[in-house]
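Visitor: I am new to this structure. Please take one part and walk me through it closely.

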Amino acid sequence: MSKLLHVSASPRGEASESLVIASAFVDAYRESHPDDEVEHWDLWDGTLPAFGRAATGAKMAVIRGVEPTGDEVGAWRAVLAAVRRFTGADRLLFSVPMWNSGIPYVLKQFVDVVSQPGLVFGLDAETGYQPLLAGQGRRAAVVYTSSVWGPEVGPAFGSDFQSTYFDDWLRWTGIADVTRIRHHPTLTGDVEDSRQSALAAAREAAKTF
């Protein structure tokens with residue numbers, strides 16, 4: 001039995017295009033994988049810990065090979081719980097709207113919280129970063145949406161630092177099996193056609209995910 005974790009980065013609820021498409025994926029996944037566990041992690045629900053002074057101090061202590069102290073202890077405990085929630089799933093679904101050519105800040109916070117030494121990455125002075133999630137059969141699907149930028153429009157409508165950044169982070173962790181589902185209708189495009197194509201792609205991808 002597998003576990004699918006849906007990590008959603010939009011605060012717009014039912015008005016969110018990325019969440020609607022991801023929900024179609026989840027529904028099709030449940031139908032095709034009735035024995036699997038499915039969990040939704042809404043990054044806006046308050047369960048994602050902060051990554052401020054105490055947490056960064058704890059991370060640097062771990063990198064130096066010493067134990068966190070003081071308020072770092074509780075902060076590190078919360079970080080480890082978030083990492084376990086992330087790595088405890090072998091199937092990952094991310095719904096990612098484009099904000100200012102990039103990803104929502106809460107998703108960057110998620111990346112910073114779960115990207116921890118000895119758990120998600122290693123580092124060798126000669127060979128560089130080591131992706132510790134590689135070779136575990138983990139798969140990811142990402143719903144990328146935007147309303148202004150699109151692959152067919154010029155730079156006056158923005159740039160794609162959304163998928164380029166997030167795809168690179170997934171590879172850095174060792175998650176190389178990534179399915180991308182896109183909805184980029186642009187200002188002059190046919191929104192409904194683009195939406196229906198994305199919904200169909202989500203449902204189809206979920207069947208064999």
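Guide: Contact here means heavy atoms within 4.5 Å. Keep in mind that this is a predicted model.

Start with Ser95. Ser95 sits in strand β3, which spans residues 91-97. Is Ser95 buried or exposed? Ser95 has a relative accessible area of 1%. Buried means under 20%, so Ser95 is buried.

What surrounds Ser95? Set aside the neighbours within four places in sequence.

Now follow the chain into the loop between β3 and α4 (105-114). Asn100 is not a glycine, yet its phi is positive, at about 50 degrees. Ser101 is not a glycine either, and has a positive phi of about 75 degrees. Their accessibility is worth checking. Asn100 has 80% relative accessibility, so Asn100 counts as exposed. Ser101 has 18%, so Ser101 counts as buried.

Helix α1 covers residues 17-32. Helix α1 packs with helix α6 (residues 191-207) at an angle of about 30 degrees, and the axes are 8 Å apart. That angle makes α1 roughly parallel to α6. The crossing is right-handed. Among the contact residues are Val20, Ala24 and Phe25 of α1, and Ala198, Leu199 and Ala202 of α6. By class, this contact has 12 nonpolar, one polar and four charged residues.

How values were computed. Residues numbered from 1 in each chain as written. Predicted model: local features only at pLDDT ≥ 70, side-chain atom pairs only at ≥ 80, totals over all residues. Heavy atoms only, no water. Axes fitted to C-alpha atoms, helices over the stretch in contact; angles between N-to-C directions. Helix = DSSP H or I, 4+ residues; strand = E, 2+ residues; numbered from the N terminus. Parallel < 35°, antiparallel > 145°, perpendicular 65-115°, else oblique. Left-handed = near helix turned anticlockwise from the far one by under 90°. Nonpolar A, V, L, I, M, F, W, Y, C, P; charged D, E, K, R; others polar. Buried < 20%, exposed > 50% of the residue type's maximum accessible area, 1.4 Å probe, protein only.
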